Amino acid sequence: MKQSRQRHEQKSIAFVAMVLFMLMLLLIQMWLFTSTLEALIDGKAETVVPAAAVSIGCLIINTWILVGLTRMEHNP
């Protein structure tokens, strides 16, 4: 009984950590989007491609974490 309680607590801590990391990546994506739009308005189009690459990287990491969270939820 004690081991299952500890395992549940460990899963809870891991879940919260992953969600916080996903939130951080989401905030980075929003910042990238805003700064890229500001650069485009200023006429600096050279920032679009690097920002898009980083944003796609953040999307891939978020998707990977989401799949991990789904697996963690379904495994007892």
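In this predicted model, Thr 36 is buried, because its relative accessible area is 14% and the cut-off for a buried residue is under 20%. Thr 36 belongs to helix H1. With residues within four places in sequence set aside, Thr 36 touches Val 48 and Ala 51. Helix H2 covers residues 48-74.

Glu 38 was considered next. This residue also lies in helix H1, which runs over residues 2-41. Glu 38 has a relative accessible area of 49%. It is therefore partly exposed, because the exposed class requires a value over 50%. Glu 9 and Glu 38 are separated by 29 residues in sequence. In space, their C-alpha atoms are 44 Å apart.

The packing of the two helices was then described. Two packed helices are characterised by an angle and a distance, both taken between their axes. For H1 and H2, the angle is about 160°. Their axes lie 10 Å apart. An angle over 145 degrees counts as roughly antiparallel, so H1 and H2 are roughly antiparallel to each other. The crossing of H1 past H2 is left-handed. The residues of this contact comprise 21 nonpolar, four polar and one charged.

How values were computed: Residues numbered from 1 in each chain as written. Predicted model: local features only at pLDDT ≥ 70, side-chain atom pairs only at ≥ 80, totals over all residues. Heavy atoms only, no water. Helix = DSSP H or I, 4+ residues; strand = E, 2+ residues; numbered from the N terminus. Buried < 20%, exposed > 50% of the residue type's maximum accessible area, 1.4 Å probe, protein only. Contact = heavy atoms within 4.5 Å. Axes fitted to C-alpha atoms, helices over the stretch in contact; angles between N-to-C directions. Parallel < 35°, antiparallel > 145°, perpendicular 65-115°, else oblique. Left-handed = near helix turned anticlockwise from the far one by under 90°. Nonpolar A, V, L, I, M, F, W, Y, C, P; charged D, E, K, R; others polar.
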